[in-house]
Amino acid sequence: MNMESYFVYPSVVQAGKHSTIRVVPRSEHGRLDNKFMFYPLDEVQMIKRFPDEWFDHNKDLTVKVLINNLYSSYVPQNESECYTTTVPVDSDGGITIDYLFDREQEYLIKVSNPHNHNSWRYVFSVYAVGDDLFGKRAYKGDLHIHSIYSDAYQSLEINAANYRCAGFDFIAMTDHCKRFPSLMMMDLMDKHNLGLTAFAGEEVHVPNIVFHYVHLGGDYSVNEWYADHMEEYENEFNEIYKTIDLPEGRSKEYAARLKWIHEANKKAGGLSIFVHPHWVWRCQNLPDDVIDYVFENGFMDVFELFGGQKLPMNNTQLALWQEYAFKGKKYPIVASSDAHTSESRHEFDDYYTIAFADNCSFDCIKDAILKEEVVAVDNYESFRAHGSLRYVRYAQFLAKRYFPVYTALCNTVGMNMRLYYEGNPEALEAALISQRAADSFAEKFFGRA
């Protein structure tokens with residue numbers, strides 16, 4: 001069954017409650033009373049050329065609702081054990097189904113002609129979620145991005161357009177030593193409702209250490225603060241250094257400077273994200289004893305599970321996070337691109353975060369991250385989500401049923417954004433129209449409209 005031919009509204013329903021599902025053909029060829037869909041070839045060949053004869057209007061179809069046996073503890077031995085009902089085809093060629101989806105999981109809906117059970121059958125699917133998750137949308141985001149204001153290739157405008165083309169809903173510019181580009185991006189996105197929300201951010205550096213943290217949100221720039229208060233910074237660092245339980249030397253200094261950055265991020269009111277510890281530049285970005293000290297002593301709010309590094313580095317970072325989770329030191333996770341260009345999807349669309357939230361505001365996304373209502377996605381070559389089993393299963397469903405359509409709609413938004421930013425003012429209206437279509441699809445998909 002070609003999912004591009006149909007909408008299923010809503011595709012996310014509330015577990016334990018009766019729901020009404022509409023399967024809607026997106027054009028005439030997808031009508032479920034089209035004889036080509038269900039009838040034997042010899043009967044189809046008898047149809048004359050008059051268009052009305054191609055359809056059996058008001059023909060009843062058998063609709064079977066099946067439990068996805070990948071997730072269920074009870075697997076039906078045969079389809080006769082499944083819920084079966086007969087529904088008429090609606091005037092638009094779709095069908096309406098009422099059913100109690102009793103628990104959180106994916107459900108299959110099979111459709112066949114009651115007069116020809118051997119006919120090819122359509123298979124649609126919906127996902128039932130618990131009360132706490134129903135009504136929330138899935139938002140795709142990247143919290144570690146660079147621009148021409150540090151060491152990357154794209155302007156803020158082109159970054160915004162490229163990210164929207166790829167279906168992103170939220171981003172944070174995190175240029176090295178600079179917070180102001182993220183504020184400029186926020187102002188840019190606030191001018192028009194184009195579906196992309198920007199957050200304040202920066203990558204924080206301090207002297208005598210290569211490593212850096214991402215400071216997300218916050219009330220002011222930590223980079224600017226220490227640059228304007230170097231003496232105060234050194235005094236605070238020296239006091240922290242005395243508390244670090246490592247042998248004298250470079251590792252103790254690194255650990256002290258990292259603790260200062262983490263505490264400064266917190267003091268500024270932002271999230272402190274520990275990023276790419278296994279990044280290799282000449283040698284591993286941080287020695288293992290410092291990384292262990294950070295994990296053991298909680299010098300982070302969030303761990304960037306995957307970033308824009310090579311596969312072996314991301315692989316060992318996953319193992320690192322799992323190892324400490326087994327030890328009882330489990331940190332909330334995100335995945336980000338650390339993109340230095342957005343002209344190639346491979347450069348920025350392989351690693352990202354999906355957050356399940358009421359809306360795409362910073363407070364809601366931050367809350368979802370800290371409550372671990374997110375998945376960190378490794379999309380290199382194939383889709384792999386990491387997080388709790390509940391959210392991983394849900395994300396896998398969305399990767400099949402939601403994001404391909406949503407991203408296609410967003411691609412039109414992003415292309416028109418780019419045309420607008422490149423000097424074509426008429427493209428703005430096209431972008432706004434396309435954005436309303438993308439938002440309408442999302443709201444219906446998640447049962448919010």
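Colleague: Which residues in α14 meet Val 405, Tyr 406, Leu 409, Cys 410, Thr 412, Val 413, Asn 416, Met 417, Leu 419 and Tyr 420 in α13?
Modeller: Nice place to start! Helices (H or I, at least four residues) and strands (E, at least two) are DSSP runs, numbered from the N terminus, and contact means heavy atoms within 4.5 Å. By that rule, the partners of these α13 residues in α14 are Ala 427, Leu 428, Ala 430, Ala 431, Ser 434, Gln 435, Ala 437, Ala 438, Phe 441 and Ala 442.

Colleague: Before we go on, which atoms do side-chain values use?
Modeller: This is a predicted model, in which local features need pLDDT of at least 70, side-chain atom pairs count only at pLDDT 80 or more, and totals for chains, interfaces and linings use all residues. Residues are numbered from 1 along each chain as its sequence is written and, with hydrogens and water left out, side-chain values use heavy atoms.

Colleague: How are α13 and α14 oriented to each other?
Modeller: Axes are lines fitted to C-alpha atoms, for helices over the stretch in contact, with angles from 0 to 180 degrees between N-to-C directions. The axes of α13 (residues 403-421) and α14 (residues 427-445) come within 8 Å and cross at roughly 165°. Angles under 35 degrees count as roughly parallel, over 145 as roughly antiparallel, 65 to 115 as roughly perpendicular and the rest as oblique. The two helices are therefore roughly antiparallel.

Colleague: And α8 with α9: which word describes that pair?
Modeller: The axes of α8 (residues 288-297) and α9 (residues 311-326) come within 11 Å and cross at roughly 40°. That angle makes α8, relative to α9, oblique.

Colleague: What is the strand order in the open sheet of 5 strands?
Modeller: Two strands pair if DSSP finds at least two bridges between them. β13 and β14 run antiparallel with 5 bridges, while β14 and β17 are joined by 2 bridges and run parallel. β17 (residues 302-306) and β18 also run parallel, with 3 bridges. With mixed pairing, the order is β12-β13-β14-β17-β18.

Colleague: Which strands sit at the edge?
Modeller: Edge strands pair on one side only. In this sheet they are β12 (201-204) and β18 (333-335).

Colleague: What is the bridge partner of Phe 306 in β18?
Modeller: Bridges can be followed residue by residue, for example from Leu 216 to Leu 271 in β14, or from Ile 273 to Val 302 in β17, which stand opposite each other. For Phe 306, the partner in β18 is Ala 335.

Colleague: How many of the 5 residues of β14 are buried?
Modeller: Buried means under 20% relative accessible area, exposed over 50%, partly exposed in between (1.4 Å probe, protein chains only). β14 is largely enclosed by the rest of the structure, because its buried residues number 5 of the 5.
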